[in-house]
Structure formats: structure tokens, C-alpha cells
Amino acid sequence: MSRADLDKDPRDVATMFDGVARRYDLTNTALSGGQDRYWRAQTRRALAPQPGEKVLDLAAGTAVSTVELARDGAWCVAADFSQGMLRAGYRRDVPKVAADALHLPFADASFDAVTISFGLRNVADPDAGLAELARVTRPGGRLVVCEFSTPTWTPFRVAYQELMLARVLPAIARGVSSNPDAYIYLAESIRDWPAQPRLAERIGAAGWERVAWRDLTGGAVALHRAFKPA
Ligand SMILES: C[S@@+](CC[C@H](N)C(=O)[O-])C[C@H]1O[C@@H](n2cnc3c(N)ncnc32)[C@H](O)[C@@H]1O
């Protein structure tokens, strides 16, 4: 399968992640220059999972994001539709569920908090994914979306989009990843993703309230936080 065939068809996306699963964590850290750990720690801080709470980490991949969320004692489940990614994280001691973001196998209001890191951009219908997350969250529960975004300072934005995404990322991926095409898809999907204010509107339209965001790494990544109406 080539990158050009990837139009967020769910089977193609799952197959693509199956293909990068083995080296996913390593490639991620290499491409982000180690920033991925900082982004995950900030996601946990924004979601603030408490001991005894039930937390859904959707599009959890190898569960690298889930173990970070579980650090404070909450019960955290990793859900992803790529069995290859879940399998690559088999050593991580958190419950794992094969699940599609658009049809979650959980009852209404099952979770105190839900989060999705670097996953919403890949979901075929992100608005439906946000609504499905709202369905499984209890009234008053929290959402945090961690996703690539648009740097706010123009010189950094230009350098990031035209140098980092268009040239550096594909070059590193060719050296490190087991499927470089997947990382060209990554660069294109980041470029096409809505900037912070527009994503906030879409989260609000999907059934969440009090939507706010915080930029990380100059806006290359943004954390959007919101609440399910009580
Ligand atoms: C870039 S990885 C992110 C993994 C992890 N959350 C992290 O922060 O490193 C994106 C994940 O989204 C998953 N994904 C994409 N669309 C999905 C869907 N519709 N349902 C479930 N998982 C999905 C992919 O299988 C992949 O594992």
C-alpha cells in the first residue's frame, strides 16, 4: 500500500499502523527529538486522572500514552483498532481493547475522563469520534485532545511547516521507520489539520463545553481540554 492510497480509509489506517508498530515508540522519540515524553506528561497533567477514576485512552497505540496516564493511580484502558500497535505494547501492564473510535464497545457514561493523543487526526470522521467520546463520558467528565497543531509565531511556523514537515521528517523517517510512507502521510495529515481555534469549535459542536487549549512546543502541539455538560 502506498501513501497516496491512504485517504483515512479505516482499514488502510489500521494496516499502516500495524506496519509501523514494531518501531513506533523509537521513531516517535527520534522524530520529536524526545519531546514526545514532555507532551505525554503535559497531557496527564491536563487530564489530571485521580486514583479510583476510570480513564479511556483512545487511539492508544502501543499504550505508551496509557502507562503515563496510569502513573497517578487511575484505572486506565488503552483502546486502538490496530492490533499490531496493541501487540507491540504487550509488555505495558494496562488493559488493552481492540476498538474503533467510531463504535466504542463501552456503555454510555462509563468513564470519568477520556483522552486521545495523536489519534484524532487519523480518525476517518473526527467529529463523530469526538461525539462518541462524549457518549462514553459521564456528565461533568473531562476530555483532553493532544494533537499536532499550528505554531503561533510566524517564523517558527514557516520553518516547521516548510522545513521540518516537508523535508526533515521524511528524511529521518526513511532512515528510522519500518514504513517511511507512513511518515509522509503523517506530514501531510498535520498540514491539513485545523488550527487551534477551529478544532476548539469542532469539539464544542460535538457535545463538549468549556473548551480551552494550551500550546506546547510553540504550538507544534496543542492540548484541548473540555467537559461533558453536567
Ligand atoms: C500516532 S498513534 C498514537 C499512539 C499513542 N496515543 C501515542 O500518543 O503515541 C495513532 C493511533 O491511532 C489509532 N487509530 C486511528 N484511527 C483509529 C480509529 N478509528 N479507532 C481506533 N484507533 C484508531 C491508530 O491505530 C494508531 O495506533
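In which strand is D80 found? D80 lies in strand β2, residues 75-80; strands are DSSP runs of E with at least two residues, helices are runs of H or I with at least four, and both are numbered from the N terminus.

The model is predicted: local features need pLDDT of at least 70, side-chain atom pairs count only at pLDDT 80 or more, and totals for chains, interfaces and linings use all residues. Residues are numbered from 1 along each chain as its sequence is written.

An unreviewed UniProt entry lists T62, D80, D100, A101 and S117 under "binding site"; such annotations may be inferred rather than shown by experiment. A101 sits in the loop between β3 (96-98) and β4 (111-117).

Contacts require C-beta atoms, placed from the backbone, within 7 Å. Beyond four places in sequence, D80 contacts A59, A60, G61, M85 and L86, while A101 contacts L58, A59, V123, G129 and E132.

Around the ligand there are 22 residues, the closest being A59, G61, S82, A101 and S117 (C-beta atom, placed from the backbone, within 6 Å of the molecule). Two or more of these residues come from each of α1 (10-20) and α4 (64-69), and α1 gives the most, four. The shell has 13 nonpolar residues (Ala, Val, Leu, Ile, Met, Phe, Trp, Tyr, Cys, Pro), two charged (Asp, Glu, Lys, Arg) and seven polar (the others, Gly among them).

Key:
Contact = placed C-beta atoms within 7 Å.
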